[in-house]
Amino acid sequence: MLISTRGRYATQMLLDIAQHQEEGYVSMKQISERQGLSKKYLEQFTAQLAKAGLLEIRRGYQGGYRLMRSPAEITLLDVLNLTEGSLHTVSCLEHTPNRCERCASCLTLPAWARLDQLVEEYLSSVTLQDLLTQAAERQALLCPGAPRAEAAAESGSV
């Protein structure tokens, strides 16, 4: 399993919105500039995130994006399931029941199934708020007194 730029960028975008939505709707231009990511690339998956109930889109003057749920309620699994499609380590685990003709005799299948389970458990345990809090703690440790250290964790509340 390899997390694509789509999954990573969607996560970065949602984190940026969480950090700045206290200021109002966050524009794609602002996100793009702060994160150093292509505006056009980010726009490719905003509708998908909105349809899934993670993102609110407001068009027009003073429009932009806001999270529809608290950062504490959005997990990495939520984001990656939307942007990555399958997160399975091997293709034969993508369907239930397993359609692989070697399923019954495959000696490695239990290992891949367990790895999938561990990945899912981990990704479902990490929220956007966790990442914001970790970033604030790391920044406070490395840069004591920096103003962004406190703001990163606090601004995640919706």
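## Salt bridges

A salt bridge is counted here when a side-chain nitrogen of Lys or Arg lies within 4 Å of a carboxyl oxygen of Asp or Glu, and under this rule the predicted model contains two salt bridges. Side chains of opposite charge can pair when their charged atoms come close.

One of them joins Asp-16 to Arg-34, with 2.7 Å between the closest N and O atoms. Because Asp-16 belongs to helix H1 (residues 5-20) and Arg-34 to helix H2 (residues 28-35), the pair ties together parts that are 18 residues apart in sequence; helices (H or I, at least four residues) and strands (E, at least two) are DSSP runs numbered from the N terminus. Asp-16 is buried, at 1% relative accessibility, whereas Arg-34 is partly exposed, with a relative accessible area of 36%, where buried means under 20% relative accessible area, exposed over 50% and partly exposed in between (1.4 Å probe, protein chains only). Arg-69 forms a salt bridge with Asp-78, the closest N and O atoms being 2.9 Å apart; Arg-69 is partly exposed at 26% relative accessibility, and Asp-78 is partly exposed at 26%.

Leaving aside residues up to four places away in sequence, Ile-17 touches Val-26, Ile-31, Leu-55, Tyr-65, Arg-66 and Leu-67, a contact being heavy atoms within 4.5 Å.

## Packing of H5 and H6

Helix H5 (residues 76-84) packs with helix H6 (residues 109-125) at an angle of about 115°, their axes being 6 Å apart; axes are lines fitted to C-alpha atoms, for helices over the stretch in contact, and angles run from 0 to 180 degrees between N-to-C directions. From H5, Leu-76, Leu-77 and Leu-80 meet Glu-120, Leu-123 and Ser-124 in H6.

## Basis of the values

Residues are numbered from 1 along each chain as its sequence is written, and side-chain values use heavy atoms, with hydrogens and water left out. In this predicted model, local features need pLDDT of at least 70 and side-chain atom pairs count only at pLDDT 80 or more, while totals for chains, interfaces and linings use all residues.
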